[in-house]
Each structure stands twice: as C-alpha cells, then as structure tokens.
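Please find below my notes on this model, written for someone who has not looked at it before. They are numbered so that each can be checked against the structure in turn.

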Amino acid sequence: MNNIDIIKNNFEESRETNSISSETILNSIEVAVSKILAMFEKSGKLITCGNGGSSGDAQHIASEFINRFEIERKSLPAISLNSDTATLTSIANDYGYKYVFSKQINAIGKSDDVLMAFTTSGNSENILHAITAAKSKGISTILVCGGNGGEAIKLLDNDDIKIIVPSERTSRIQEIHLIIIHSICECIDKHISK
C-alpha cells in the first residue's frame, strides 16, 4: 500500500466511524450535556483526566470550559488532572502512576462534581482508580471511551454515562472524541449564553 492509499484509507475509515457513531452515541452525548448543566446549577466542577492523546482531550475540554469555546460567556469551573506536573510526578514517584488521578480526586472532588474520564481502551489502571475514587466521593462519571468500554465500563452504575465510540482503532476513537468534546461545548455555550 502506497502513501496515497494509506491517507485515503484514513479518510474513509474516519468517515465510516463518524457515520456509525452518529447513529449510536448521540443520546449519550445529550445526556452528558444535561448532567454537566445540572452540575453547574449545583456549583460543581468538571474534573477531567486521561493518558497520552486522551490527556490532551481532558485538557482540551477543561480549557474550553474555563476560557470559552466559540462565544463570549462566563468562565465555567473545570480542572484537568493532567495539568499539574509537580503533583503528577510526586504521586507517581511516591505511590505509583496508577494513583495519579485518584489521589487528586480524593483531595479536591466533591459530590456535586462530575468526572469525565477519557480512555480509548477503558483499561488504563489510573483511570480505573479515578472512577473508583469518584464513586467513593459520590461523584458521577462520564466515561468517554472506545471499543467495548474495557474494564472501566464495569465500574459504572446507573448515575454514570458511557459514551463509547464504536471502533477498536485508537486514531479513529480519538477523532470522534474530539467531535464529542466540541459537541458538548457547543451545547453548553447555547444554554449558558441564554
């Protein structure tokens, strides 16, 4: 397969994943928007986390909430647990990488908050610990995932939301995660600006 074929195949796969996702996850995204709006009404904050590319997604949505998305509106409370390198590295060094998010949730999480956990596989150990920590504090989770949801989906209960991209390929999952982020931000903008 030459480079043009690889590039074309990426566009075609992306289009197919996008199409299937638009048939299967729209309702979950809408429920997530409602949960986030209810969280703001209770003066809660959005807590986000992820690894690698998912770390970028976690930081992305938090920055869109705190600053703005496409319209001028008030800043919204959000924090990415990926952003404080001193905290991340001290926890990883002293306790292990699997606790880098859960220890932060235990420190700053409140029951009116919502955890938004990004993971393409659903099997990242630190994400599993984060969801468990959220549960112990009465914090609802929005799991933004791919594949079959991995081990993370098993930790969710009726108060949680799963948005699972119907793909096994990391790059396709991450592309849809970006659309999910932008969709949530646009819906929030619409409601907050009223």
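1. Ala 117 sits in strand E3. In this predicted model, Ala 117 has a relative accessible area of 0% and is therefore buried, the limit for that term being under 20%. Setting aside neighbours within four places in sequence, Ala 117 contacts Cys 49, Ile 127, Ile 142, Leu 143 and Val 144. Gly 138 lies 21 residues from Ala 117 along the chain, and the C-alpha atoms of the two are 15 Å apart.

2. Which residues touch the most other members of the largest nonpolar core? They are Ile 36, Phe 65 and Ile 184, in a core of 31 residues. Two or more residues of this core come from each of helix H2 (26-41), H3, strand E3 (114-118), strand E4 (140-146), strand E5 (161-165) and H7. Another core, of 22 residues, lies apart from it, and its members include Ile 105, Ala 117, Leu 143 and Ile 164. In soluble globular proteins, nonpolar side chains tend to be buried together.

3. Not counting residues up to four places away in sequence, Ile 184 touches Ile 29, Val 33, Ile 36, Ile 61, Phe 65 and Met 116. Ile 184 also takes part in the contact of H7 with H3 and in the contact of H7 with H2.

4. The next points concern helix pairs. Two packed helices are described by the angle between their axes and the distance between the axes. For helix H3 (residues 53-66) and helix H7 (residues 170-192), the axes come within 10 Å and cross at roughly 10°. Angles under 35 degrees count as roughly parallel, so H3 and H7 are described that way. On the H3 side the contact holds Gly 53, Ser 54, Asp 57, His 60, Ile 61, Glu 64 and Phe 65; on the H7 side it holds Gln 174, His 177, Leu 178, Ile 181, His 182, Ile 184, Cys 185 and Ile 188. Seven residues of the contact of H3 with H7 are nonpolar, six are polar and two are charged.

5. How are H2 and H7 arranged? Their axes are 10 Å apart, at an angle of about 45°, and the two helices are therefore oblique to each other. The crossing of H2 and H7 is right-handed. H2 contributes Ile 29, Val 33, Ile 36, Leu 37 and Phe 40, and H7 contributes Ile 180, Ser 183, Ile 184, Cys 187, Ile 188, His 191 and Ile 192. By class, the contact of H2 with H7 has 10 nonpolar residues, two polar and no charged.

6. Helix H1 (residues 3-24) also packs on H7, with an angle of about 55° and axes 10 Å apart. H1 and H7 are therefore oblique to each other, and their crossing is right-handed. Asn 10, Glu 13, Ser 14, Thr 17, Asn 18 and Ser 21 of H1 meet Arg 172, Glu 175, Ile 176 and Ile 179 of H7. In the contact of H1 with H7, two residues are nonpolar, five are polar and three are charged.

7. Ser 43 is not a glycine, yet its phi is positive, at about 65°. Ser 43 belongs to the loop between H2 and strand E1 (46-49). Is Ser 43 buried or exposed? Its relative accessible area is 69%, and Ser 43 is therefore exposed, a term that applies over 50%.

Definitions and conventions: Residues are numbered from 1 along each chain as its sequence is written. This is a predicted model: local features need pLDDT of at least 70, side-chain atom pairs count only at pLDDT 80 or more; totals for chains, interfaces and linings use all residues. Side-chain values use heavy atoms; hydrogens and water are left out. Axes are lines fitted to C-alpha atoms, for helices over the stretch in contact, and angles run from 0 to 180 degrees between N-to-C directions. Helices (H or I, at least four residues) and strands (E, at least two) are DSSP runs, numbered from the N terminus. Angles under 35 degrees count as roughly parallel, over 145 as roughly antiparallel, 65 to 115 as roughly perpendicular and the rest as oblique. Contact means heavy atoms within 4.5 Å. Ala, Val, Leu, Ile, Met, Phe, Trp, Tyr, Cys and Pro count as nonpolar, Asp, Glu, Lys and Arg as charged, and the others, Gly among them, as polar. A nonpolar core is a set of buried Ala, Val, Leu, Ile, Met, Phe, Trp, Tyr and Cys residues joined through side-chain atoms within 4.5 Å. Buried means under 20% relative accessible area, exposed over 50%, partly exposed in between (1.4 Å probe, protein chains only). A crossing is left-handed if the near helix is turned anticlockwise from the far one by less than a right angle, and right-handed if clockwise.
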